Amino acid sequence: MKLKKLRSKKRIIVIGNKSFIQKNFYELCKKRFEIKKIRFTKINSFQFNQDDIVINCSQNKNFFNRNYIKKFDRNFKVAKILSRKNSQLILLSSRNVYKPKLDICENSQLKPIDIYGKNCLKSENNCKSVLKKLTILRLSNVVGIETMKKKRLSLMSVLINGVKEKHVIFDDSYEWYKDLIPIRILCLYLEKILLINYYGVLNIGSGFKIKIKNFIRYLDLNKKIKISVNQKKIKKDEYSYDIKKLKKITKIFYPRKIIIKEFNNIGKLIKKI
């Protein structure tokens, strides 16, 4: 899984200052690409070039918990700016746009499960209306070391906060299947997508279903950390991705043993927190 040493001539602009994905992508790929990081507040004054590839990792907090309003859609604002330059936008969307089920593919039913999913789908469609060079990546649950304050609570933020308190509390989803992709694997897929000029929709996940409780087991946490499940009845949300298209487009695939090894490595990092 080593990155190639040959440096690409493409200039990658990453928007977002506190993003978990932005931080990891920059550290993993800065030797491969010319990467420029900018704050969202600076996009109006920044000089984008026609050949730039822009990855937006920034969203307004209202995008996660309020009904869609265009002024809160940072993807759309970036897309309008890039349409004047004919630049490419990598839009990081979510699996929440789909109806939950196992083996979701890009043609599966679009039935957002929450406000965030509805807003992601509206954002995708609005960006399509103004920008031709658009790559929509619908991400599964990304796992890694998240230490920054989150605008939207994630599995890893719940886990890491619980580890700090020596007590992790899960809901019923502890027994559910999910598609969990380690942040390093996501960045490696993203690296390849940037090199092949792919436009369109692509699901990015591990391609494996795994119960949250088994993921916790692979992390091999300190035995002194208590794990408990709050039997609060919530709407079932099991899912996994079929990543045949991802494998075909990128011509790479990471088998289950590699994914589990990444989980093990994440667990080692958690122990150092």
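Colleague: How do the residues lining the largest cavity divide into nonpolar, polar and charged?

Modeller: Six are nonpolar, one is polar and one is charged. Here Ala, Val, Leu, Ile, Met, Phe, Trp, Tyr, Cys and Pro count as nonpolar, Asp, Glu, Lys and Arg as charged, and the others, Gly among them, as polar. The model is predicted, so local features need pLDDT of at least 70 and side-chain atom pairs pLDDT 80 or more, while totals for chains, interfaces and linings use all residues. Residues are numbered from 1 along each chain as its sequence is written, and side-chain values use heavy atoms, without hydrogens and water.

Colleague: What makes Glu 124 and Arg 138 a salt bridge?

Modeller: Their N to O distance is 2.6 Å. A salt bridge needs a side-chain nitrogen of Lys or Arg within 4 Å of a carboxyl oxygen of Asp or Glu, so the pair qualifies. Glu 124 lies in helix α4 and Arg 138 in strand β5, so the pair ties together parts 14 residues apart in sequence. Helices (H or I, at least four residues) and strands (E, at least two) are DSSP runs, numbered from the N terminus.

Colleague: Why is Glu 124 called buried, and Glu 27 partly exposed?

Modeller: Buried means under 20% relative accessible area, exposed over 50%, and partly exposed in between (1.4 Å probe, protein chains only). Glu 124 has 0%, so it is buried. Glu 27 has 47%, so it is partly exposed.

Colleague: How far apart are the closest N and O atoms of Glu 27 and Lys 30?

Modeller: They are 3.2 Å apart, and the two residues form a salt bridge.
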